[in-house]
Amino acid sequence: MLETIRNAFKTKEIRNKLLFVFLGLIIVRIGCNIPLPGVNTNVIQNLFDNNQALNFLDVMTGGSFTRMSIFALNITPYITASIIVQLLTIAIPRLEELQKDGEDGRKKINEYTRYLSIVLALIEGLAIVIGFRNQGFFTESGYTSVIISVVALTAGAAFLMWLGEEITEKGIGNGISIILLINIVARIPSDLISLYNQFIKSAANVTNRILAAVIILVLIVAMFAFIVWLQDGERKIPVQYAKKMQGRKMFGGQSSHIPLKVNTAGVIPVIFASSMLQLPVVIFAGVKPASGEGASLIQKFLKVCNQSDWCNISSWGDFKYTLGLLVYIALVIFFAYFYTSVTFNPLEISNNMKKQGGFIPGIRPGKPTTDYLTNVLNSIIFIGAVAMVIVCVLPIVFSGVFGANVSFTGTSLIIIVGVVIETLKQLESQMLVRNYKGFLGN
């Protein structure tokens, strides 16, 4: 990996692209530290200190939500809009046609995604500002501060959406994913410091400190290694193409394969499941707590949705909220099957193979091929979903049992590994294309 990056900086064209990416990320981090005008940041910080359930949202925004900066919404509206548009391609035939219409269709879908992102940013910004305003988060009264804050939040989300697309076009890698990556990475140093102070520095003697450091290091390395295996793992289904006679020559007959990734749905199921459980927590975060039996039920429901209250073995009164973890696991598995069914169609693959004269050895073309692909895909989805559950649940269990107060989760680790691997692959492909051009030029 280091050799790839070193060789990339030796090529002027690729070096300029990398520098453009770095410049864009610097702008992102600067904007994440510029607070909204008229906001009492101390009150907001106290809210997050007393409500660990908002950590997931703060990680996705690189800490900008805690500071209530102009980038507080970050790229979450764009991610939400992208997911909604992808799901709507099933229900709306027009979108499905655009998806199959090549580059022109993709541009039109991206345009719809941008418009929806702005609408979502406006709605989310208005909801956040009004909710927090009721708790005295703004130093000034009146609607002027509300309008300015909503405009600033919407503009910040729109700017990051534009910057992400510019990084994709003029840099290397997917710009939106890279911005999400830098947001997560920005929180890791503070989490490592927290782990050091809680388990290493506070240990009784040197032996315990070394033991704690080794256990933490082994867990982190093992998690990353497992995720790398999960991201690269795939099942190759062999495909044989029949020979065809054209004139006096025989063509075709080559062998190929269909690569089915173990983690077919990527990080989408985890994001969906986490977002569904975090949504009630975020909604009630800006609402003043009420009193009475109804308020007590709401508090219990929020504890079930809150990852910070899971796997707490100190007392049964807290451990019973681990029911939310079972709901979370069920949602991850459900969305793994659901999203894969949206993005991968065995019937379409089978028909395309049949048109091109291809077949799976030992399987007849047509419905038997479709059934075979469906069965293989279902088994792979289950393995990938279980692996994702392991990655996501281990940090939650560690946090609940040992009281580790860290913000990064299995979702964060999957995103980090996935984006880094994908960016490095694009970097290597661009270097390979560059070498071919140099060879042909000589």
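The model is predicted: local features need pLDDT of at least 70, side-chain atom pairs count only at pLDDT 80 or more, and totals for chains, interfaces and linings use all residues. Residues are numbered from 1 along each chain as its sequence is written, and side-chain values use heavy atoms, with hydrogens and water left out. The chain has 18 helices and five strands; helices (H or I, at least four residues) and strands (E, at least two) are DSSP runs, numbered from the N terminus.

**Overall composition**

- Of the 442 residues in the chain, 43% are buried, where buried means under 20% relative accessible area, exposed over 50%, and partly exposed in between (1.4 Å probe, protein chains only).
- The accessible surface of the chain comes to about 23700 Å², and carbon and sulfur atoms hold 64% of it; these areas come from the Shrake-Rupley method with a 1.4 Å probe, and for residues only the protein chains shown count as cover.
- Among contacts in the chain with a separation of 6 or more, 72% join residues 24 or more positions apart, a contact being heavy atoms within 4.5 Å.

**Nonpolar cores**

- The largest nonpolar core has 71 residues, and L260, Y328, I414 and I415 have the most contacts inside it; such a core is a set of buried Ala, Val, Leu, Ile, Met, Phe, Trp, Tyr and Cys residues joined through side-chain atoms within 4.5 Å.
- Helix α17 gives the most to this core, with 13 residues.
- A second, separate core of 18 residues includes L73, F138, V146 and V150.
- Leaving aside neighbours within four places in sequence, Y328 is in contact with residues including V270, L277, W310, C392 and I396.

**Helix α17 and T369**

- T369 lies in helix α17 (residues 367-402).
- T369 is buried, with a relative accessible area of 3%.
- Not counting residues up to four places away in sequence, T369 touches S350, M353, I360, I363 and R364.

**Helix α2**

- The 20 residues of helix α2 (residues 12-31) should span 28 Å at 1.5 Å a residue, which agrees with the 29 Å between its end C-alpha atoms; the expected span is 1.5 Å times one less than the number of residues.
- The buried residues of α2 include I14, L18, V21, L25 and V28.
- K12 and I30 are exposed on the face of α2 turned away from its buried side.

**Helix α6 and N74**

- N74 is found in the loop between α5 (64-67) and α6 (76-91).
- Phi of N74 is near 55 degrees, a positive value in a residue other than glycine, and N74 is buried, with a relative accessible area of 1%.
- The 16 residues of α6 reach 23 Å from first C-alpha to last, close to the 22 Å expected at 1.5 Å a residue.
- Buried residues in α6 include T76, P77, Y78, I79 and V85.

**Sheet**

- Three strands form an open sheet in the order β4-β1-β5, with antiparallel pairing; two strands pair if DSSP finds at least two bridges between them.
- β4 (255-261) and β5 (358-359) stand at the edges with a single partner strand each, so one side of each is left without a neighbour in the sheet.
- Strand β1 (residues 234-241) pairs with β4 in the antiparallel sense over seven bridges.
- The bridge partner of I237 in β4 is I258.
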